[in-house]
Amino acid sequence: MSDAAPATSSTVAPWPSPAPSWRAQLDEATIDAVVDRLASACREHRTVVLAGHVSPDGDALGSALALHLALGAAGARTLPTIGEEPLELEPALALLPGVEALVPAAELPPAGEVDLLVALDTAGPGRLGTVAGHLDAGVPTIVLDHHERSVPFGELSLVAPGAAATVQVVALLLDELDLPLTRDIATCLYVGLVTDTGRFSYEATGPDAHLLGARLLAAGVDQATWSQRLFETRRLDDLTLLGRALERAGFVPEVALVHTHLSPEDLAVAAEGSTEGLIELLRTADVAEVALTLRPAPDGSWRGSLRSRGRVDVGRVAAALGGGGHRLAAGFDADGTAETVVEQVVALLREG
Ligand SMILES: [Mn+2]
């Protein structure tokens, strides 16, 4: 048998190593510099603002709170924050350990009294919301992120587009800092990991993401409770809206488009309802290559959302309608009746 032969059940092959492949995307000297900076912030009891992006998700908030709990216990004066007011957290995220320590951005100390700003899961300075004022005022800034199209900013930047979540970068640093992984810290990291990987299902979810998940479970994360809170709980109004939208779903076979819209009356009936997840649900239709939802905006126009299963570039369609996004997920605003907007989308899909 030659060396090049693939492993079969009769050959003895080593198990693949789950080391994070994305670590190669980071500059080792910058990792060392960030670790040094965070270690001295703890040693010297420095004031460190930890800011996730506005409209925070599990990854942004989990990253900020994990660092708050870990660096705070090690001596730093940590101020976790989100640069928007009023800050409305998803109900599950409002239960994260350390969430009570969140500081309203308006109550942060002035820039002159902040030693370090850590920007988390923020693809650009704009995602910091009002906390960007501290960046502009020259507070030394560390950026930890995993967004593909991150705008480089800050003095030290660790951006790993290959990582599935920013919490993976945070976990790497906590490891390098040799800080203990408490159950609370593990819970914050786990919530970021499980939400940004779509429960370990998205393409960017590598073996190392599973390994980190295993380490977090070993630290005592109550995964069943968090899974219920994050993925198995919806407001009744949300379900009412989803029901109405699904009942109205239409199909255009020629371009494999499944589409639906909500009316202002629907939104009035379920005033607290969110259509979060509707578009992904629509895309699960076996006949769908592309899914489209239209939601009425307060000014009488439509907010359109598009999703593709992979073959069709919906970013192109949204751009042609004056919107934006990327290949698999995009959005646009449009005027007219729902029917005419659907017709425009169909015409653009036909061109592609
Ligand atoms: Mn993220």
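1. Some housekeeping before we start. Residue numbers run from 1 along each chain as its sequence is written. As the model is predicted, local features need pLDDT of at least 70 and side-chain atom pairs count only at pLDDT 80 or more, while totals for chains, interfaces and linings use all residues.

2. Look at the sheet. Helices (H or I, at least four residues) and strands (E, at least two) are DSSP runs, numbered from the N terminus. Two strands count as paired if DSSP finds at least two bridges between them. Here 6 strands make an open sheet in the order β6-β7-β8-β9-β11-β10, and the pairing is mixed. β6 (250-252) and β10 (324-325) sit at the edges with a single partner strand each, so one side of each has no neighbour in the sheet.

3. Now the parallel part: β7 (residues 257-261) and β8 (residues 290-296) are joined by 5 bridges. Find His261 and you'll see Leu294 of β8 opposite.

4. Gly325 has Ala330 as its bridge partner in β11.

5. Which helix is largely enclosed by the rest of the structure? That's α4 (residues 166-176), because 9 of its 11 residues are buried. Buried means 20 or more other C-beta atoms within 10 Å of a residue's own, with C-beta atoms placed from the backbone. Among the buried ones are Thr166, Gln168 and Leu174. After α4 comes Asp178, with a positive phi near 65°.

Conventions: Buried ≥ 20, exposed ≤ 12 C-beta atoms within 10 Å, placed from the backbone.
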